[in-house]
Amino acid sequence: MPEIGKPIPPLIGTTGDDTELELSELKGRWVVIYFYPKDSTPGCTTEAQDFRDLYDDFRKRNAEIVGVSRDSVTSHANFADKQALPFPLIADTDETWCKAFDVIHEKMLYGKTHLGIVRSTFLIDPKGHLAQEWRGVKVPGHAQAVLDAIPAK
């Protein structure tokens, strides 16, 4: 699991448009990686829309946004298209990214426990080191808080 100030492990993932994204390719920019439980659910849709609506502001701060869940490439493609998301979504079907950031934990849903993604966001600095993390995220105001954590140019 990455620690504040330490390098992020090299990760490669398939995006909703069926291309590969190497995290190392984003070096030199701030990178926001947000993990969410499931495409097209209310909280996840709101969170994606919030990042989408602030996308231009993130870009002005030399930042890229990457969303990650265990959904399929097809699911991500449909979700991104329906929500007009301008940033990539990683289909982490083998949980490589989730495990690297330790975001899969036991959760309770309708009185039953299961393993699921705990909504979390990680901010990586331009050198590829973890700058800040948010775990157990509550959606309202979160995207703005992440933007505020990135220095203005």
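Trainee: Is R52 buried, partly exposed or exposed?

Mentor: In this predicted model, R52 is partly exposed, since its relative accessible area comes to 25%.

Trainee: And which residue does R52 form a salt bridge with?

Mentor: R52 pairs with D53, and the closest N and O atoms of that salt bridge lie 2.9 Å apart. D53 is itself exposed, with a relative accessible area of 52%, which puts it over the 50% cut-off for that class.

Trainee: How many salt bridges does the structure hold?

Mentor: The count is 8 salt bridges. One of them is between R119 and E47, where the closest N and O atoms are 2.8 Å apart. That pair links distant parts of the chain, because R119 sits in the loop between β7 (112-117) and β8 (120-124) while E47 belongs to helix α1 (residues 42-53), 72 residues apart.

Trainee: Are R119 and E47 buried or exposed?

Mentor: Both R119 and E47 are buried.

Trainee: What about K99, which partner does it meet?

Mentor: The side chain of K99 meets that of E95 in a salt bridge, at 4.0 Å from N to O, and K99 is exposed, with a relative accessible area of 59%. As for the general idea, side chains of opposite charge can pair when their charged atoms come close.

Trainee: Back to E47 for a moment: which residues does H142 touch, leaving out those up to four places away in sequence?

Mentor: With those sequence neighbours left out, H142 touches E47, F51, T121, W134 and V137, so E47 is a contact of H142 as well as the salt-bridge partner of R119.

Trainee: Where is H142 placed, and is it buried or exposed?

Mentor: H142 lies in helix α5, which covers residues 142-148, and H142 is buried, at a relative accessible area of 6%.

Trainee: Switching to cysteines, how many disulfides are there?

Mentor: The structure has 0 disulfides.

Trainee: Are C44 and C98 buried or exposed?

Mentor: C44 counts as buried at 2% relative accessibility, and C98 is buried too, with a relative accessible area of 0%.

Key: Residues are numbered from 1 along each chain as its sequence is written. This is a predicted model: local features need pLDDT of at least 70, side-chain atom pairs count only at pLDDT 80 or more; totals for chains, interfaces and linings use all residues. Side-chain values use heavy atoms; hydrogens and water are left out. A disulfide is a pair of cysteine sulfur atoms within 2.5 Å. Buried means under 20% relative accessible area, exposed over 50%, partly exposed in between (1.4 Å probe, protein chains only). Helices (H or I, at least four residues) and strands (E, at least two) are DSSP runs, numbered from the N terminus. Contact means heavy atoms within 4.5 Å.
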